[in-house]
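Biologist: Before we discuss any detail, could you put the sequence and the model on the screen?

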Amino acid sequence: AEDGIRDYKVTGVQTCALPIFYNSRSALEAFAVALAKQDLPGLLSHSTHDFKDRVWQATTDQHFAWMPLDDFQAGKPRVLQTLFKGPLTEILVEHGSTPVTYQLRDEEGQIRVDDVMLPAADYPQSLKATLEAVIPVANFALALESGDIKRGRTAVAEDFTRSVWRYLDEVPQFDPAPETYLKNSLSAISVRGNGAVVVLGNGRRGAQVTLRRENGRYKVEDMTLVAGAMPDERIALKRTIRTQLAEGRYT
């Protein structure tokens, strides 16, 4: 116990808060291990209802390849500071050389991780906000790769469904093939009101995916495929598919 206390700089802690102090550390460590191992049952067990609903319950093992989680592979986090803010406990740690703040809450008598805040310029600082924007992009790409029409329909927004997906009985070979552009690495995410934009690749090759929140979850509203640096090498996917449908390509 003494060794554990020396790991911390504790702010605003009283004797009555010591159980929360130790339980928070235990919950953090269990969550961090689950995240490093991509252990979905472990993440579900140690996350709040909101974190589970927005991210982990929509996650499968296939999604982890899309998630920017490299910072969490650096071994056991080193605790630097613990702050108590009413029902919220914040623990500042280092994963390798990266400072990360875990936010934990008491739910039904259990301390669980509600979010992880990271120093990020190109992504939301909130890991929860980042991951919930990645999942629908991954779902769309995986649906195209596997030919799963049902998964494709559930990944897209209502307007995309009305204008494209309801006319299709199976996933066709789109021209150009969006999945080849979506294989580029994640570059940026920007949240804009009720939507978000996910950028994959760079200015010469990749995709810019526009998301819209519907019924509490992000859906793919449209995307621009980037085939080169010139403006005429940007392909608006929804408009292109509509044109191809009108030409009878997918009948």
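Modeller: Residues are numbered from 1 along each chain as its sequence is written, and side-chain values use heavy atoms, with hydrogens and water left out.

Biologist: Which element of the protein has the lowest mean pLDDT?

Modeller: The pLDDT, the predictor's confidence in each residue from 0 to 100, averages 87 over the protein, and 90% of the residues score at least 70. Over residues 1-8 it stays under 50, and over residues 10-16 it is below 50 as well. Where pLDDT is low, the predicted coordinates should not be read in detail. Among the elements, which are DSSP runs numbered from the N terminus (helices H or I of at least four residues, strands E of at least two), helix α4 (residues 49-54) has the highest mean, 97, and the lowest, 37, belongs to helix α1 (residues 2-6).

Biologist: What share of the residues of the protein count as buried?

Modeller: The protein has nine helices and 10 strands, and its C-alpha atoms fill a box of roughly 75 × 35 × 30 Å along the principal axes. Buried means under 20% relative accessible area, exposed over 50% and partly exposed in between, with a 1.4 Å probe and protein chains only. Of the 251 residues, the buried share is 47%.

Biologist: How many of the residues of α5 are buried?

Modeller: Helix α5 (residues 127-146) reaches 28 Å from its first C-alpha to its last, close to the 28 Å expected at 1.5 Å a residue, where the expected span is 1.5 Å times one less than the number of residues. Ser126 caps the N-terminal end of α5, with a side-chain oxygen 3.3 Å from the backbone nitrogen of Lys128, and Gly147, with a positive phi near 75 degrees, follows the helix. Of the 20 residues in α5, the buried ones number 18.

Biologist: Why does Val134 count as buried?

Modeller: Val134 lies in helix α5, and, leaving aside neighbours within four places in sequence, Val134 is in contact (heavy atoms within 4.5 Å) with Trp66, Met67, Pro68, Leu186 and Ile189. Val134 and Trp66 are 68 residues apart in sequence, yet 6.9 Å apart in space, C-alpha to C-alpha. Val134 counts as buried because its relative accessible area is 3%.

Biologist: Which residues do salt bridges that share partners join into one network?

Modeller: A salt bridge is a side-chain nitrogen of Lys or Arg within 4 Å of a carboxyl oxygen of Asp or Glu; Arg54 forms one with Asp50 (3.3 Å, N to O), and Glu132 forms one with Arg54 (2.7 Å, N to O). Glu132, which is buried at 6% relative accessibility, also pairs with Arg213, the closest N and O atoms being 3.0 Å apart. That pair links strand β8 (residues 206-214) with helix α5, its residues lying 81 apart. The network joins Asp50, Arg54, Arg105, Asp114, Lys128, Glu132 and Arg213.

Biologist: Which side chain of opposite charge is nearest to Glu179?

Modeller: Glu179 sits in helix α8 (residues 178-182) and, beyond its neighbours within four places in sequence, is in contact with Ala141, Leu144 and Glu145. Lys and Arg count as positive and Asp and Glu as negative, while His and the chain ends are not counted. Glu179 is buried yet has no salt bridge, and the nearest side chain of opposite charge, 7.2 Å away, is Lys183.

Note on methods. This is a predicted model: local features need pLDDT of at least 70, side-chain atom pairs count only at pLDDT 80 or more; totals for chains, interfaces and linings use all residues. A polar contact is a pair of N or O atoms within 3.5 Å; within protein, one must be able to donate a hydrogen and the other to accept it, and residues adjacent in sequence count only if both atoms are side-chain atoms.
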